[in-house]
Amino acid sequence: MLFSPRGGTYWFMRNFWPPKSLVLLSCLLAFTIYVPAQSAGMSADEAHRRAEALLKQMNLDEKIGQMNQAAGMAIPGLGGGKPDDLIAKGGVGSVLWLIDVKEINRLQHIAVEKSRLHVPILFAFDVIHGYRTAFPVPLAMASSWDPSVEKAAQRYAGQDARAAGILWTFTPMVDIARDARWGRIVEGAGEDPYLGAAMARAQVRGFQGQNMGPDSVLVCVKHFAGYGAAEGGRDYDSSYVPEELMENVYLKPFHAAAEAGAGSFMSAYMDLNDVPASGNHWLLTDVLRNQWGYKGFVVSDAFAVASLQVHGFAKDPEDAALKGVTAGLNMDMASGTYVKNIAKLVSAGKIRETQLDAMVLPILEAKYKMGLFDHPYVDESKVEITLNRQEGRELARKVASRSMVLLRNENQTLPLKKDLKKVTVIGPLADSAHDIEGGWTVEGLFGGGGKSHPVTVLAGLKAALPGAQISAVPGPIPGKVFLGMVDQFSGAKAVAPPTAEETTEWISKVKSAAADADVVIAVMGEMASMSSEAASRASMKLPGIQQQMLEAAVATGKPVVLVLENGRPVDISWAAEHVPAILEIWFPGTEGGNAVADVLFGDVNPGGKLPVSWAHTAGEEPLYYNHNLTHEPEDRPNFTSRYWDVASKPLYPFGYGLSYTTFKFENLKLSKARVKAGDSAEVQVDVTNTGSVAGDAVAQVYIHQRWGSASRPVRQLEGFKRVGLKPGEKQTLTFALGKDELQFWDPQTKKWVVEPSTFDVWAGEDSTAKLHAELTVSD
Ligand code: NOJ
């Protein structure tokens with residue numbers, strides 16, 4: 001026999017492949033014998049050639065099988081089970097929600113040894129911000145304004161995942177989130193398409209590596225598209241997004257990810273302009289394939305093909321399968337609708353087999369590209385070694401501290417001195433190991449957690465202050481009125497709010513512990529399950545009795561530092577006036593507590609910036625900086641505010657964040673005052689560290705087109721750089737303003753245009769930067 005049953009090659013084929021005679025031989029044998037395998041990280045052309053050859057050998061059921069992603073385990077309330085029989089028949093292309101390595105290998109053996117063509121399974125899971133070692137949640141990593149750290153974190157996460165048998169991650173989530181009520185804001189890069197695109201590229205490159213080698217995983221860019229615009233911020237609700245807003249805002253990070261080589265996309269759940277995204281031909285074919293020339297494949301979100309019927313879009317499951325395939329959806333996640341209905345549709349002549357070929361081909365190509373035919377199994381002996389690498393902890397600590405945003409620091413309350421004798425730590429998040437890692441952790445979700453040994457803020461403080469007396473008053477754990485999907489997995493139970501007596505008791509404990517301390521550190525915000533999927537909120541208030549505890553601590557007159565742990569901006573209007581120091585840490589991951597200590601004690605100078613506009617209250621949402629002017633701009637005398645009860649400017653603007661030092665931006669210059677449409681000008685700005693400690697500045701460049709064929713946003717980010725500066729050090733930073741930055745999708749001509757106009761250009765520390773120049777674009 002020429003080829004090994006696993007699809008591995010004999011040594012001479014590995015070493016001398018591909019001599020012409022063997023290529024010819026394999027073509028001749030293509031109809032009877034399994035296609036030869038390859039080494040990891042195969043070129044796109046070679047993967048294409050082999051996938052085509054394999055496809056030619058497949059019968060209809062095997063093709064449909066590749067389009068089927070089966071659940072690897074039963075999910076309470078959602079079904080699923082052991083897919084062994086279907087795998088043996090070649091009826092499963094991918095398996096999701098499985099992290100037990102032995103089970104992964106067992107199923108892979110069935111696929112590779114028992115199925116007729118031995119096609120390996122693509123095992124998939126949500127590796128969102130780390131596998132065992134959790135990195136900060138994506139919203140936090142975006143707050144670093146440093147794509148290189150997000151790339152490094154996701155590279156590491158991908159290596160862990162691959163070693164543990166996960167080949168495909170449902171990451172990055174690149175949905176623009178302009179509404180903090182939407183729970184999934186925590187999973188993305190915030191509100192801005194430019195920052196979002198940079199973080200999307202970084203994640204694709206991190207996970208997939210240079211060429212999808214044996215330590216890479218395939219990414220899945222989600223949720224295509226418009227999911228973040230859910231009405232009222234309610235997860236899964238319909239989105240109504242005009243084409244121009246899709247093109248100019250919502251699609252941009254998706255396009256960036258596609259251009260960076262993302263191997264797959266996930267279609268979203270919701271209706272986009274009345275057509276469910278998973279059956280939306282405009283999205284999946286017109287934009288993705290035709291406009292962008294995308295060659296990867298698209299999987300639906302979980303059960304989304306079956307849900308086409310629930311939406312009232314498909315008549316029955318057969319119609320749902322037809323609508324999915326016709327729209328351009330390659331793979332059905334978990335609903336089994338494709339596998340049960342496509343064959344009927346082919347016999348009825350409603351779907352052509354050649355249509356299916358086009359859908360299956362990129363799935364097979366991906367399997368070849370990642371070397372899966374050569375290395376289908378997990379080396380079980382290496383899993384724990386890989387997952388417990390110490391370098392991951394170090395990286396996680398660094399990424400976490402780079403992601404933190406200093407929101408307030410009156411009278412230089414921070415950094416704290418290390419000679420503190422008595423510290424009181426209050427708040428339910430102070431010592432919660434589960435919450436510090438944030439939601440969507442692989443082992444936390446499906447493996448029971450417990451293996452990563454997360455460092456809570458309390459533990460981090462204790463490690464940093466070994467000689468101090470540290471007391472903790474956690475207060476009651478706040479609960480949700482309605483439990484969500486993730487609570488179902490974790491088995492969380494509804495938490496009753498504390499009684500009046502219990503509340504009084506907690507408050508008096510806070511008062512006495514605070515009165516006895518040199519400093520009070522309040523670790524407050526939202527529990528991890530209060531954001532992410534199916535976890536939207538109508539209010540942004542600190543849940544439970546946290547606000548009362550905070551006020552009680554401040555009333556003692558002791559210095560209070562609020563360390564915010566949360567997945568979205570929360571209502572801290574009171575704290576922003578009364579608490580001298582506020583540090584936003586989001587959910588900082590496994591090393592979060594140590595990273596908090598690094599920042600609080602000044603070993604790391606915070607340099608993170610907000611990737612969202614921070615509202616005072618939920619009633620302002622959706623709130624974002626890159627809105628249009630309107631005929632009554634908000635700073636006019638008559639109509640100073642769009643609300644009469646709250647300022648329409650955010651509490652903290654997009655791009656904002658303090659440092660323990662200060663920076664001066666000056667000498668904003670353009671290389672040319674006028675350019676022809678299509679040409680570039682260079683923007684130059686000097687930034688100097690004017691304080692006494694080293695720190696990171698994030699230079700941000702914003703533009704505004706003054707007139708044209710459409711109204712343009714008051715400002716839009718078109719460049720940023722995070723730079724470290726020593727005290728007194730100055731750097732001159734340059735940015736390009738050319739076609740990519742100046743163009744927009746014109747709703748009148750339905751084209752991308754650079755128009756003759758005058759552009760305002762600002763550079764500075766956040767989206768309110770004042771340093772200004774003008775650029776004229778002519779025909
Ligand atoms: C549903 C979520 O919307 C999606 O983000 C996730 O990747 C899939 N489930 C798979 O777990």
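Here are some friendly notes on this predicted model, point by point.

1. **Ground rules.** Because this is a predicted model, local features need pLDDT of at least 70 and side-chain atom pairs count only at pLDDT 80 or more, while totals for chains, interfaces and linings use all residues. Residues are numbered from 1 along each chain as its sequence is written, and side-chain values use heavy atoms, with hydrogens and water left out.

2. **The ligand shell.** Which residues come closest to the ligand? They are Asp-126, Arg-184, Lys-222, His-223 and Asp-301, out of 13 residues that surround the ligand; a residue counts here if one of its heavy atoms lies within 4 Å. The shell divides into 7 nonpolar, 1 polar and 5 charged residues. In that division, Ala, Val, Leu, Ile, Met, Phe, Trp, Tyr, Cys and Pro are nonpolar, Asp, Glu, Lys and Arg are charged, and the others, Gly among them, are polar.

3. A polar side-chain atom of Asp-126 lies 2.4 Å from a ligand oxygen atom, one of Asp-301 lies 2.5 Å from a ligand oxygen atom, and one of Trp-97 lies 2.9 Å from a ligand oxygen atom. Taken alone the ligand exposes 300 Å², and the protein buries 97% of that; the areas come from the Shrake-Rupley method with a 1.4 Å probe.

4. **Cis peptide bonds.** Please check the bond between Lys-222 and His-223, which is cis with omega at about -5°. Lys-222 and His-223 are also among the residues closest to the ligand. His-223 lies in strand E5 (residues 218–224); strands (E, at least two residues) and helices (H or I, at least four) are DSSP runs numbered from the N terminus. Another cis bond joins Glu-621 and Pro-622, with omega also about -5°, and Pro-622 is in the loop between helix H26 (592–600) and strand E17 (663–670).

5. **Positive phi.** Asn-273 has a phi near 50°, a positive value in a residue other than glycine. Asn-273 sits in the loop between strands E7 (271–272) and E8 (275–276) and is partly exposed, at 34% relative accessible area. Here buried means under 20%, exposed over 50%, and partly exposed in between (1.4 Å probe, protein chains only). Thr-630 has a positive phi near 70° and lies in the loop between H26 and E17.

6. **Nonpolar cores.** A core is a set of buried Ala, Val, Leu, Ile, Met, Phe, Trp, Tyr and Cys residues joined through side-chain atoms within 4.5 Å. The largest has 175 residues, and those touching the most other members are Trp-168, Phe-224, Phe-265, Leu-407, Leu-562 and Ile-572. Helix H16 (residues 353–369) gives the most to this core, with 8 residues. A second, separate core of 34 residues includes Val-457, Leu-465, Ile-470 and Tyr-660.

7. Arg-393, in helix H18 (residues 390–403), is buried at 17% relative accessible area. Leaving aside residues up to four places away, its contacts (heavy atoms within 4.5 Å) are Thr-133, Ser-452, His-453, Val-455, Thr-590 and Glu-591. Pro-172 is buried at 0%, in the loop between strand E4 (168–169) and helix H9 (193–208). With the neighbours up to four places away again not counted, Pro-172 touches several residues, including Val-219, Cys-220, Val-221 and Lys-222.

Terms used
A polar contact is a pair of N or O atoms within 3.5 Å; within protein, one must be able to donate a hydrogen and the other to accept it, and residues adjacent in sequence count only if both atoms are side-chain atoms.
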